[in-house]
Amino acid sequence: IMRRRRWLSQEAVARKLRARQPHVARVERPSHDPRLSSVLSHAAAVRCHVLLVPDELLAQVARVVATGPLPGS
């Protein structure tokens, strides 16, 4: 989703990852179960971060995300 929101092609992401386009296509398939290291690499390639949220904080984090950017961000 973020790759498309940033108007990046699979080929462009593949170049950033020093991989081939079919690798990016495979990782994007819903049936693919990538390693966490691959998820982190792909997130960095599209200028995003991966955030792990403890269950007990999920509702609070969801509220912060729903309200938009924090002041000064």
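This is a predicted model: local features need pLDDT of at least 70, side-chain atom pairs count only at pLDDT 80 or more; totals for chains, interfaces and linings use all residues.
1. A word on terms to start: two residues are in contact when they have heavy atoms within 4.5 Å of each other. Helices are DSSP runs (H or I, at least four residues) and strands are runs of E (at least two), numbered from the N terminus. With that in hand, take Leu-17, which sits in helix α2. Setting aside neighbours within four places in sequence, Leu-17 is in contact with Val-24, Ser-41, His-42 and Ala-45.

2. Residues are numbered from 1 along each chain as its sequence is written, and side-chain values use heavy atoms, with hydrogens and water left out.

3. Residues are called buried under 20% relative accessible area, exposed over 50%, and partly exposed in between (1.4 Å probe, protein chains only). Leu-17 is partly exposed, because its relative accessible area is 22%. Between Leu-17 and Arg-47 there are 12 Å in space, C-alpha to C-alpha, and the two are 30 residues apart in sequence.

4. Which residues of α2 are buried? They are Gln-10, Ala-12, Val-13 and Ala-14. These buried residues pack against α1, α3 and α4.

5. Gln-10 belongs to helix α2 and counts as buried because its relative accessible area is 18%. Its side chain makes a polar contact with the side chain of Glu-28, at 2.9 Å. (A polar contact is a pair of N or O atoms within 3.5 Å; within protein, one must be able to donate a hydrogen and the other to accept it, and residues adjacent in sequence count only if both atoms are side-chain atoms.) Not counting residues up to four places away in sequence, Gln-10 touches Arg-3, Gln-21, Val-24, Ala-25 and Glu-28.

6. Is Arg-3 buried or exposed? Arg-3 counts as buried because its relative accessibility is 12%. Apart from neighbours within four places in sequence, the residues in contact with Arg-3 are Leu-8, Ser-9, Gln-10, Val-13, Glu-28 and Val-46.

7. Now the largest pocket, which has a volume of about 400 Å³. On a 1 Å grid over the protein atoms alone, a pocket is an open set of points where a 1.4 Å probe fits, with protein on both sides within 12 Å along at least five of seven lines; lining residues have an atom within 4 Å of a point. Grid points are joined across faces, edges and corners, and the volume is the space filled by probe spheres set on the points. Of the 13 lining residues, Ile-1, Met-2, Arg-3, His-42 and Val-46 are the closest to the centre of the largest pocket.

8. What is the lining of the largest pocket made of? Its residues divide into nine nonpolar, one polar and three charged. In this count, Ala, Val, Leu, Ile, Met, Phe, Trp, Tyr, Cys and Pro are nonpolar, Asp, Glu, Lys and Arg are charged, and the others, Gly among them, are polar. Each of α1 (2–5), α3 (21–28) and α4 (36–45) supplies at least two residues of this lining.

9. Please check the backbone at three places. Trp-7, in the loop between α1 and α2, has a positive phi of about 55 degrees although it is not a glycine. Trp-7 is exposed, because its relative accessible area is 82%. Arg-18, in the loop between α2 and α3, has a positive phi near 55 degrees and counts as exposed at 80% relative accessibility. Just after α4, Arg-47 takes a positive phi of about 60 degrees.
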